[in-house]
Amino acid sequence: MASLEVELFGIKFENPLILASGINDKVPEQWIRAHEEGAGGVVTKSIGIEPREGYDNPTIVELPCGLINAMGLPNPGWRGFLEMVEGYTFDFPLIVSIFGGTPEEFAFLAEKLSGVAHAFELNLSCPHAKGYGMEIGQNPENVYKVVRAVKDATDRPVIAKLTPNIDDITKLGLAAEKAGADAVSAINTLKAIAIDVYARRPVLSNRVGGYSGPGIKPVALRAVYDLARTLDIPIIGIGGITTWQDAVEFLLAGASALQIGTAVSLRGWKVFREINDGILGYLEEEGFSSVEEIVGLALEE
């Protein structure tokens with residue numbers, strides 16, 4: 001039988017599927033549920049220095065091909081996060097997502113949370129929180145400084161989550177790699193808006209949000225493909241992965257692992273098991289013995 005196990009930055013995952021930071025990962029019970037349903041690892045909701053309530057409702061708009069969300073980075077802050085996970089043990093890789101307004105804030109969080117995290121994902125790409133995420137992560141120099149600061153503050157692996165809201169995402173990837181990132185994840189949501197034709201105003205309370213789901217898959221796939229042709233560090237693919245065929249496309253495009261987020265909201269927790277079963281069937285039918293054998297095959301000339 002083919003193996004779904006993958007190894008990234010020295011950490012073994014049962015399979016290449018990881019719960020993405022987003023809507024379905026606020027509390028430990030959700031992380032454990034994701035693993036029980038077939039996720040090889042989990043990324044937490046983004047954690048900042050101070051607690052944030054996030055934006056008022058409505059924060060989510062459902063579209064035919066995905067969701068637009070503007071949650072506003074709600075989180076309990078680093079102290080509340082440590083209180084929340086107290087007493088839990090996790091027998092799967094727990095990747096803690098962190099955000100800040102400066103390299104020093106990112107580094108502070110990495111230092112404080114290193115005892116819990118197996119790895120860190122740096123939120124350099126949220127498109128709807130003023131002063132954070134994309135507003136920092138669109139500049140390669142900022143990406144370099146944040147990654148370097150975190151690498152100096154922790155011995156845990158560091159993943160830079162990149163924004164697609166830029167002319168060339170490889171500039172960001174190269175900056176992260178140069179600063180010592182152990183991997184990049186791509187992409188975060190696309191900046192988007194929805195308007196109520198009868199209210200004649202934007203639907204979301206924040207007006208602008210991030211578009212995710214099947215509709216962004218071709219954009220995300222192209223970003224992974226470009227990054228894989230440019231970088232030497234692993235890429236974690238994110239964006240519209242809903243079926244096993246989607247997952248295999250990302251692996252062929254050069255992703256070493258995959259994050260699933262919106263598909264959980266649209267199809268339920270069963271999506272992890274279904275995609276894993278599909279990848280396994282593909283590997284066996286095509287004569288491959290492991291996931292690693294197909295990573296990047298579409299890059300070959």
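This is a predicted model: local features need pLDDT of at least 70, side-chain atom pairs count only at pLDDT 80 or more; totals for chains, interfaces and linings use all residues.
Q: Which residues does UniProt list for "binding site" here?
A: The unreviewed UniProt entry lists Ser21, Lys45, Ser46, Asn123, Lys161, Ile187, Gly213, Gly239, Gly240, Gly261 and Thr262 under that heading.

Q: And which of these are in the lining of the largest cavity?
A: The lining of the largest cavity includes Ser21, Lys45, Ser46, Asn123, Lys161 and Ile187, and it also includes Gly213, Gly239, Gly240, Gly261 and Thr262.

Q: Let's take Lys161, where is it found?
A: Lys161 is found in strand S9, which covers residues 158–161.

Q: Is Lys161 buried or exposed?
A: Lys161 has a relative accessible area of 7%, and because buried means under 20%, Lys161 counts as buried.

Q: What about Thr262, where is its place?
A: Thr262 lies in helix H9, made of residues 262–267, and with a relative accessible area of 14% Thr262 is buried.

Q: What is Thr262 in contact with, leaving aside its neighbours within four places in sequence?
A: With those neighbours left aside, Thr262 is in contact with Leu67, Ser212 and Gly213. For Ser212 there is also a polar contact, of 2.5 Å, between its side chain and that of Thr262.

Q: Changing topic, which residues touch the most other members of the largest nonpolar core?
A: That core has 95 residues, and those touching the most other members are Ile98, Leu122, Val184, Ile260, Phe272 and Ile279. Helix H10, residues 271–286, supplies the largest share of this core, with 7 residues.

Q: What does Phe272 contact, apart from its neighbours within four places in sequence?
A: Apart from those neighbours, Phe272 is in contact with Leu17, Ile18, Leu19, Ala34, Glu37, Gly38, Ala39, Ile260 and Val264.

Q: Which residue is the bridge partner of Leu19 in S16?
A: The partner of Leu19 is Ile260, and strand S3, residues 17–19, runs parallel to S16 and is joined to it by 3 bridges.

Q: And how many bridges pair S15 with S16?
A: Strand S15, residues 235–238, pairs with S16 in the parallel sense over 3 bridges, and Ile236 stands opposite Ala257 of S16.

Q: Back to the backbone, where is the cis peptide bond with an omega of about 10 degrees?
A: That cis bond joins Ala186 and Ile187, and Ile187 sits in the loop between strand S10 (183–186) and strand S11 (190–193). Another cis peptide bond, with omega about 0 degrees, joins Asn57 and Pro58, and Pro58 is found in the loop between strand S4 (41–43) and strand S5 (60–63).

Q: What is the phi of Leu73?
A: Leu73 has a positive phi of about 55 degrees although it is not a glycine. Leu73 belongs to the loop between strand S6 (66–69) and helix H2 (77–85), and Leu73 is buried, with a relative accessible area of 6%.

Q: How about Arg207, what is its phi?
A: Arg207 is not a glycine either, yet its phi is positive, about 70 degrees. Its place is in the loop between strand S13 (201–202) and strand S14 (208–212), and at 43% relative accessibility Arg207 counts as partly exposed.

Note on methods
Residues are numbered from 1 along each chain as its sequence is written. Side-chain values use heavy atoms; hydrogens and water are left out. UniProt positions are given in the numbering used here, feature names are shortened, and annotations may be inferred rather than shown by experiment. On a 1 Å grid over the protein atoms alone, a cavity is a set of points where a 1.4 Å probe fits but cannot get out, and a pocket is an open set with protein on both sides within 12 Å along at least five of seven lines; lining residues have an atom within 4 Å of a point. Helices (H or I, at least four residues) and strands (E, at least two) are DSSP runs, numbered from the N terminus. Buried means under 20% relative accessible area, exposed over 50%, partly exposed in between (1.4 Å probe, protein chains only). Contact means heavy atoms within 4.5 Å. A polar contact is a pair of N or O atoms within 3.5 Å; within protein, one must be able to donate a hydrogen and the other to accept it, and residues adjacent in sequence count only if both atoms are side-chain atoms. A nonpolar core is a set of buried Ala, Val, Leu, Ile, Met, Phe, Trp, Tyr and Cys residues joined through side-chain atoms within 4.5 Å. Two strands pair if DSSP finds at least two bridges between them.
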